[in-house]
Amino acid sequence: MPGLLDSLDIASSGLNAQQQGIAVAGQNLANVNNPAYARQVLVTQAATPVQTSIGQEGTGVEVVVIQQICNALLNDQIQGENSTTSFLQTQQGALQTAQSDIGEQLQSTSATDTSTVGSTGGLDSDLSGLFNDLQALSLDPSSTAARQAVISQAQQLAAQFNQVNQSLSGLNAQLNQSVQSDVGSANQLLSQIAGLNHQITLAQGTSGGTANDLVDLREQDLENLANLVNFQPVANSDGSVNVVIGGQLLGSGSDVEDTLQTYDAGGGQLLVSTANAASTPLTLTGGSIQGAIDTRDNALASLQGGLNQLASQLITQVNAVYSKGYDLNGNTGADFFTGADASDIGVNATLANAPSTLQAAGVVGAPGDNQVAAALAQLGNAPQSALGNQTFSGSYNATITDLGSALSNANSNLSDQQAVQSMLSQQRNSVSGVSLDDEMSDIVTYQQAFQASAELVATLNTMLGDLMNMKQS
Amino acid sequence: MRIAFNSFPDSLVNQLSLLNSQQARLESEVDTGKSVSQLSDNPPVMQQVLGWQVQNSSTAQYQQNISALQEQATSSYNAINSLQTLSARASTIATEAGGAASPADLAAYASEVNQLIQEGLQDANSQTAQGEYLFGGTRNSQPPFVATTDASGNVTAVTYQGNESVPSAEVAPGYSLSAQVPGANTSGNGPAGVITDSSTGADFFNHLIALRNDLQAGNTQAIASTDQPALAKDEDNITAQISANGLIQSQLNDASTVASTQSTAVTQDISQASDANMATTLTQLSSLQTAYQAALESAGSLFNSNLSLMTYIEL
């Protein structure tokens, strides 16, 4: 039969357990605004009983563990969705920049008349402007003003090609830089995750409990890594997590087995490999790194290629017609455009200061002859076999519409993805998030239990006092 | 479902952000009047609208081409019409001189024909507003007809220094018209010459010179047998030129009507495809603003009430 002192031990274990409970609730409340925090609960059980002649007698309560409430499946899902979201965000950002670089925007031509529109600042109006000016020249081929208008419009078109090409090349360089920077960040995170794995293994091995806060920190790093590159997490029995990227094991427990690195796949286009398998591209399917690579190598490459092909074809076709013409001085054989593609297209420098050298006539000594000017103007409506039998404007419109479609898809996909991620986040919040009501309820519960245990101690104290008094009397 | 402390603020921020972006899009539609303004707004529509814009821009240029050609045709008509008056007068003189005319009458007629030659030269060397010669073909920077005179100032020969080519300009895709005619065509190929044309036998200045010479010489027989039929050919040629000019003007008017109709239709297409439906847009905007206000009010009310178990517990 237990004595009063045994009962004091029971009361003491109760006081300890409730204090621990208050501490856990306090920790939860302190981290209420920490998005990486998973709420904790105190798990208690009855202390090991002692066998007596009348059966087992309790010895109080003991704290088993401070348990973290989280759903590993949800965490894995969120990591995966982070990769997808980040991929789409990078894609959207780059494509939006490209759209701005192209500069095609429909605007009402006047505030009062919204029915007529014009695109401003884009190649579309410059292209049609050139062919219209050539039409005007064909009406009055010896006119200096008409010649000057053609030359100025062509210079503007060439400058616009150069500018768009330069902007897109700049964007390309930014994406390469972003890949390089993200690879550096990913390596740093791999190292941090390995370090945390080490600490978690150590802590859990020593105490036998769960290193909740370290696990939270690692989860945050894993999610940050997922923003950069998609990976497969593999949980180990010792509490550590392996990181597998593109089928390659990079993080194994507390060791970093391999790191990511960039390499030049040609033309300054960076790809990602592991350090141990240099120049063998990793197969990535998500994250900002792949978002940048994918956008650069698909939508942007296609856009830049389309514009280069357009410029190249424009140079070839215009020069082929133009070089056979005659200027007002009877000279022939010069080219109108210089350069090879959008990066270096220009207008023959001689024309800038000498409009009379523009070769608009088809025969020598006939200033009113407009054969070449008219043939050049008609190129505007002529399907070009090298451009898929589209006109110059048609080819340009198709090229930029592909960009618009890619951006529209990215916008739509990102919007859907954000909804998915928001739902998952809410779901995780409902499992792991801190609720003030829950915590307040727990605090009251623990406080009252603590008061009861304290009351028991006081009662036992009185009883012990009574016993002592009995002996004195 | 268990609601954590951050569930509501997170959800509120997401919802407000969504409503804000939708409002911004609709406000932009109201501001610009366009439901499609960027490539990504609606790529297929944008491609269509850009194509229509190019078409409209080309049509506007065709309309300018048509206007310029109409001006040329009108100038040509005025000059040819004047030449027709001269030709008719020359034929009248030839008819009257071929009958019973006195030597004094013949001398007066000769003097009048000299005058007709000078006036004809002026008409044949007519210029456009830009200073180009109407009947010089494509060699139009110099007077196409140059007269040679004798010591008395009489024109003894007229030389054509233009050519037989005439420039044409597009008035519709793949359809070109020319409002000009050459002063002379001695090859028989291409458009007929106004003054000289080998295919019709017209040679107005030489025929006028021959008439004048015969009038001065009193050779009434030659006037009747040679000059009169020759001048009739000139008159026929000039009449044909006026008829051809009328045809060109009619074609230009037709082309202008087609271009104008196309421009209107394409502008309507652009409007239908890209203009915002203001009634719908404003209604949607109003609904969104109401939703936004409701979200703000409910959020404010929840935050202000500060309700939780904590409010009711006294520890």
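Trainee: Where is the place of A:G286?
Mentor: A:G286 lies in the loop between β12 (270-274) and α6 of chain A. Helices (H or I, at least four residues) and strands (E, at least two) are DSSP runs, numbered from the N terminus. This is a predicted model, in which local features need pLDDT of at least 70 and side-chain atom pairs count only at pLDDT 80 or more, while totals for chains, interfaces and linings use all residues. Residues are numbered from 1 along each chain as its sequence is written, and chains are lettered from A and ligands numbered from 1 in the order in which they are written.

Trainee: Is A:G286 buried or exposed?
Mentor: A:G286 is buried, because 24 other C-beta atoms lie within 10 Å. A residue is buried if 20 or more other C-beta atoms lie within 10 Å of its own, exposed if 12 or fewer, and partly exposed in between, with C-beta atoms placed from the backbone.

Trainee: Which residues does A:G286 touch?
Mentor: Leaving out residues up to four places away in sequence, A:G286 touches A:S83, A:T84, A:F87 and A:N230. Two residues are in contact if their C-beta atoms, placed from the backbone, lie within 7 Å. A:F231 is 55 residues from A:G286 in sequence, and their C-alpha atoms are 8.6 Å apart.

Trainee: How do α5 and α6 of chain A pack?
Mentor: Helix α5 (residues 212-228) and helix α6 (residues 287-322) of chain A pack at an angle of about 5 degrees, with axes 3 Å apart. That angle is why α5(A) is roughly parallel to α6(A). Axes are lines fitted to C-alpha atoms, for helices over the stretch in contact, and angles run from 0 to 180 degrees between N-to-C directions. Angles under 35 degrees count as roughly parallel, over 145 as roughly antiparallel, 65 to 115 as roughly perpendicular and the rest as oblique.

Trainee: Which residues meet there?
Mentor: A:A226, A:N227 and A:L228 in α5(A) meet A:G287, A:S288 and A:I289 in α6(A).

Trainee: What about chain A overall?
Mentor: Chain A has ten helices and 14 strands, and 42% of its 473 residues count as buried. Its C-alpha trace spans about 145 × 60 × 35 Å along the principal axes.

Trainee: And how many helices and strands has chain B?
Mentor: Chain B has seven helices and seven strands. Its elements run α-α-α-β-β-β-β-β-β-β-α-α-α-α from the N terminus on. Of its 315 residues, 37% count as buried. Its C-alpha atoms fill a box of roughly 145 × 30 × 30 Å along the principal axes.

Trainee: In what order do the three strands of the open sheet in chain B come?
Mentor: The order is β5-β6-β7, with mixed pairing. The edge strands β5 (184-185) and β7 (202-203) of chain B each pair on one side only. Strand β6 (residues 196-197) of chain B pairs with β7(B) in the antiparallel sense over two bridges; two strands pair if DSSP finds at least two bridges between them. B:D197 stands opposite B:A202 in β7(B).

Trainee: How many residues of chain A are in contact with chain B?
Mentor: There are 61 residues of chain A in contact with 56 residues of chain B. On the side of chain A that touches chain B, α9(A) gives the most, with 17 residues.
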